[in-house]
Amino acid sequence: MTPENLRDAARLAYDRELAKQNLKTAMTSRLTVTHQGGVFLVNTDLFVLLQQSDLDHMVILDAYDTPVLVNRKELNSLARQRFQEVMNEWQYQYEQQVNVRSAKNL
Amino acid sequence: MSDQQKISKGCIIAAFNTDSYDYIGDAVLAGERVNRHLNLPVTIITDVSDIMSEHDVITVPKPADNPRLKQNWYNMNRTQLYDLSPYDRTLLIDSDYFICTDTLSAHMDGSADFIMAREVYNPVTGEITTHRVGESALPMYWATVTIFNKSAEASLIFELAKHIQKHWEYYSAYYRFRASPMRNDYIFSIACHLAGGYGQKDYGFVNYPLVNCDSNVKYTRFLDDQLVYEYAGKSLSRNKLTNMDLHLMNKDML
């Protein structure tokens, strides 16, 4: 490969990784739900916290460090639904990205 | 019906035209995006009463000119917007903030009394960072997007902001940044620093970085809530932003 080819390959890799980062930032910011006035990030921590308890109601901290009395099953259901919606969209967008062979086709 | 459901919620956008730019037109379009994606009513705060729009309008005197890059800029009524907002819980955005998702709904449905953008996503580097104010290096907040309740805490922040605006020369010297032009971002950064017990409290949005499309981002096309852009100076580098709310700062590229 010529030096120009190598440079172009590096630039292409930069674009590709940046596209993944754009998508990750967009999708991660959508992994948020509201319940009982609290804002909760939908992530592994939340699922573990909700699933390790057998209480109907429990107090947990929301994203802004406010203690909120939550209905455990309701919040778990809400979070799972949001998680699935966002992950489906994430996969769809990702598949579209990998099919773009050149930045000119965007 | 719970108290949470009874409170009024809406969005306000302040806009004052200059000789060369139609900020009110931008505000009307930004408001339509808020209606569509967040299903919130919108009130435009401006000095013109007969604007062509479905949004509510509150008429106020045009603020003093705060020239930027040799252009008129009437941005100095931000500190008054707590008093002017007709809503119990308010989303406040700049007219160049393009709502393209319903992501802010979760934050609007929350109860935090005051939240302002702090983390910034850079679409050229893919990094999330917090900018700093001058040599004092306070965390910089961006007045571009804010949520506040009519509450003691939010009221204090706006009162502090009025005080800082009034004594701008002093605060710019104390926190060691350039005094001209006057920046709402800096006013509110200092207000948040003070109201939060000298930086003990973080008023930034959680999990919602501000996507700043600044002078390093060349807009190629904006269509269907999606921005295709190039990185200035690199002919091969092109990318797109989708499923994100966007701060489109380069008005001449739209």
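Reader: Which residues in helix 1 of chain A are buried?

Author: This is a predicted model, and a residue is taken as buried when 20 or more other C-beta atoms lie within 10 Å of its own. Helix 1 of chain A covers residues 3–29, and its 39 Å reach from first C-alpha to last is close to the 39 Å expected at 1.5 Å a residue. Within this helix, the buried residues are Ala19(A), Asn22(A), Leu23(A), Thr25(A), Ala26(A) and Ser29(A).

Reader: What covers the buried residues of helix 1 of chain A?

Author: From chain A itself, the cover includes helix 3 (72–98). Chain B is also part of the cover, with elements including helix 4 (103–108), strand 7 (119–122) and strand 15 (238–241).

Reader: Which element of chain B supplies the largest share of the side that touches chain A?

Author: In the contact between the chains, 26 residues of chain B meet 27 residues of chain A. Helix 4 and strand 15 of chain B each supply at least two residues of that side of chain B. The largest share, 4 residues, comes from strand 15 of chain B.

Reader: Which residues have the most contacts inside the largest nonpolar core?

Author: The largest nonpolar core has 84 residues. Met116(B), leaving aside neighbours within four places in sequence, is in contact with residues including Tyr141(B), Phe188(B) and Cys192(B). Those with the most contacts inside the core are Ile13(B), Met116(B), Tyr141(B), Ala191(B) and Leu246(B).

How values were computed:
Residues are numbered from 1 along each chain as its sequence is written. Chains are lettered from A and ligands numbered from 1 in the order in which they are written. This is a predicted model: local features need pLDDT of at least 70, side-chain atom pairs count only at pLDDT 80 or more; totals for chains, interfaces and linings use all residues. A nonpolar core is a set of buried Ala, Val, Leu, Ile, Met, Phe, Trp, Tyr and Cys residues joined through C-beta atoms within 7 Å. A residue is buried if 20 or more other C-beta atoms lie within 10 Å of its own, exposed if 12 or fewer, and partly exposed in between; C-beta atoms are placed from the backbone. Two residues are in contact if their C-beta atoms, placed from the backbone, lie within 7 Å. The expected span of a helix is 1.5 Å times one less than its number of residues.
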